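Please examine the sequence and the structure shown below.

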Amino acid sequence: LKIFQAQTQGFSKLFACTLQSVACTMAQWQTGTFDCCAEPGGMCLCLRASCCGCTVWGDISERAQLPGGFIAGCCGLLLCEGLTGCGCLYTSFMAVEAAKKAGVEESWPHAICCSCCCNCCYSMQVWRE
């Protein structure tokens, strides 16, 4: 009986520790970076991001309630890319801010890497949140 009680107490302590660690960690993205046709959005989002990606970033900016909304997200990206060639830094900023608002953990190095290497796929991943 004492062994059973000790095992039960150990289990409840383990369970409590697990719950605390889960509560303290932030969520991850719902879809992977290369889940291009995943829902919501599906194939239409994939085509839109491929043909006119700035509109997807405009939506992200508006949904995350970033300053300037859709216009700043879309036109700001085009302006930043056209003048400096560093549009990926601008999209990294939007992605990190959108992730914060959605409760998703996103680091600056990861955001910059994804924005510079595969901005189209990354925009779809962020849009889905």
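The report begins with the basis of the model and then turns to its parts.

## Basis of the model

This is a predicted model, in which local features need pLDDT of at least 70 and side-chain atom pairs count only at pLDDT 80 or more, while totals for chains, interfaces and linings use all residues. Residues are numbered from 1 along each chain as its sequence is written, and side-chain values use heavy atoms, with hydrogens and water left out.

The mean pLDDT of the protein is 82, and 80% of its residues reach 70 or more; pLDDT is the predictor's confidence in each residue, from 0 to 100. Over residues 11–24 the pLDDT stays under 50, and the model has 0 contacts beyond four places in sequence for them. Contact here means heavy atoms within 4.5 Å.

## Overall fold

The protein has 6 helices and 0 strands, in the order α-α-α-α-α-α from the N terminus. Helices (H or I, at least four residues) and strands (E, at least two) are DSSP runs, numbered from the N terminus. Among contacts between residues at least 6 apart in sequence, 59% join residues at least 24 apart.

Of the 129 residues, 37% count as buried. Buried means under 20% relative accessible area, exposed over 50%, and partly exposed in between, with a 1.4 Å probe and protein chains only. The accessible surface comes to about 7800 Å², of which 68% belongs to carbon and sulfur atoms; accessible areas come from the Shrake-Rupley method with a 1.4 Å probe, and for residues only the protein chains shown count as cover.

## The nonpolar core

In soluble globular proteins, nonpolar side chains tend to be buried together. A nonpolar core is defined as a set of buried Ala, Val, Leu, Ile, Met, Phe, Trp, Tyr and Cys residues joined through side-chain atoms within 4.5 Å. The largest such core in this protein has 26 residues, and those with the most contacts inside it are Trp29, Val56, Trp57, Ile60, Tyr122, Met124 and Val126. At least two residues of this core come from each of helix H2 (42–63), helix H3 (69–84), helix H4 (87–102), helix H5 (108–117) and helix H6 (119–127). H2 gives the most, with 7 residues.

Beyond its neighbours within four places in sequence, Trp29 is in contact with Ala95, Ala99, Val104, Glu106, Tyr122, Gln125, Val126 and Glu129. Helix H6 is mostly covered, with 7 of its 9 residues buried: Cys121, Tyr122, Ser123, Met124, Gln125, Val126 and Trp127. These buried residues pack against H2, H4 and H5.

## Cysteines

A disulfide is a covalent bond between the sulfur atoms of two cysteines. It is assigned here to a pair of cysteine sulfur atoms within 2.5 Å, and the structure holds 1 disulfide. Cys88 and Cys116 form it, with their sulfur atoms 2.5 Å apart. The pair links distant parts of the chain, Cys88 in helix H4 and Cys116 in helix H5, 28 residues apart. The link is right-handed, with 60° about the S-S bond. Cys88 is buried, at a relative accessible area of 17%, whereas Cys116 is partly exposed, at 43%.

Cys75 is partly exposed, with a relative accessible area of 41%. Cys117 is also in no disulfide, and the nearest cysteine sulfur, that of Cys113, is 4.1 Å away. Cys117 counts as exposed, at 63% relative accessibility.
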